[in-house]
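User: I would like to go through this structure by question and answer. Please show it first.

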Amino acid sequence: MTDEQLMRLKVYGNNVQRYRRLLEGNLTEQEREFVERRLTEEQLAIQRLRTSGLVHGTSKIL
């Protein structure tokens, strides 16, 4: 994995943590749906980056 990919992985991971904390709070149904959608998008981005790192032959995965 490149330095840029590792940086993106960290940013996506931080976003996932933030969205999980938000979901623990008192949200309207619209807010909850939005946060859940964003959480899913960030998790998919992490998955894509990890898969990309494996495809390029690197074993350095967080």
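User: Is Glu42 buried or exposed, and what is its relative accessibility?

Analyst: This is a predicted model. A residue counts as buried under 20% relative accessible area. Glu42 falls under that cut-off, so it is buried, with a relative accessibility of 5%.

User: Which residues are linked with Glu42 in a network of salt bridges?

Analyst: Glu42 forms a salt bridge with Arg38, with the closest N and O atoms 2.7 Å apart. Arg38 also forms a salt bridge with Glu41, where the closest N and O atoms are 2.3 Å apart. The residues linked with Glu42 in the network are therefore Arg38 and Glu41.

User: How far apart in helix α1 are Glu4 and Arg8, in helical turns?

Analyst: Glu4 and Arg8 form a salt bridge, with the closest N and O atoms 2.8 Å apart. Glu4 is partly exposed at 46% relative accessible area, and Arg8 is partly exposed at 39%. The two are four residues apart in α1, so the separation is about one helical turn.

User: Which element gives the most residues to the largest nonpolar core?

Analyst: The largest nonpolar core has 12 residues, including Leu9, Tyr12, Val16 and Ile46. The elements that give two or more residues to this core are α1 (3-23) and α2 (29-55). With six residues, the one that gives the most is α1.

User: What span should α1 have at 1.5 Å a residue?

Analyst: Helix α1 has 21 residues.

How values were computed:
Residues are numbered from 1 along each chain as its sequence is written. This is a predicted model: local features need pLDDT of at least 70, side-chain atom pairs count only at pLDDT 80 or more; totals for chains, interfaces and linings use all residues. Side-chain values use heavy atoms; hydrogens and water are left out. A nonpolar core is a set of buried Ala, Val, Leu, Ile, Met, Phe, Trp, Tyr and Cys residues joined through side-chain atoms within 4.5 Å. Buried means under 20% relative accessible area, exposed over 50%, partly exposed in between (1.4 Å probe, protein chains only). The expected span of a helix is 1.5 Å times one less than its number of residues. A salt bridge is a side-chain nitrogen of Lys or Arg within 4 Å of a carboxyl oxygen of Asp or Glu.
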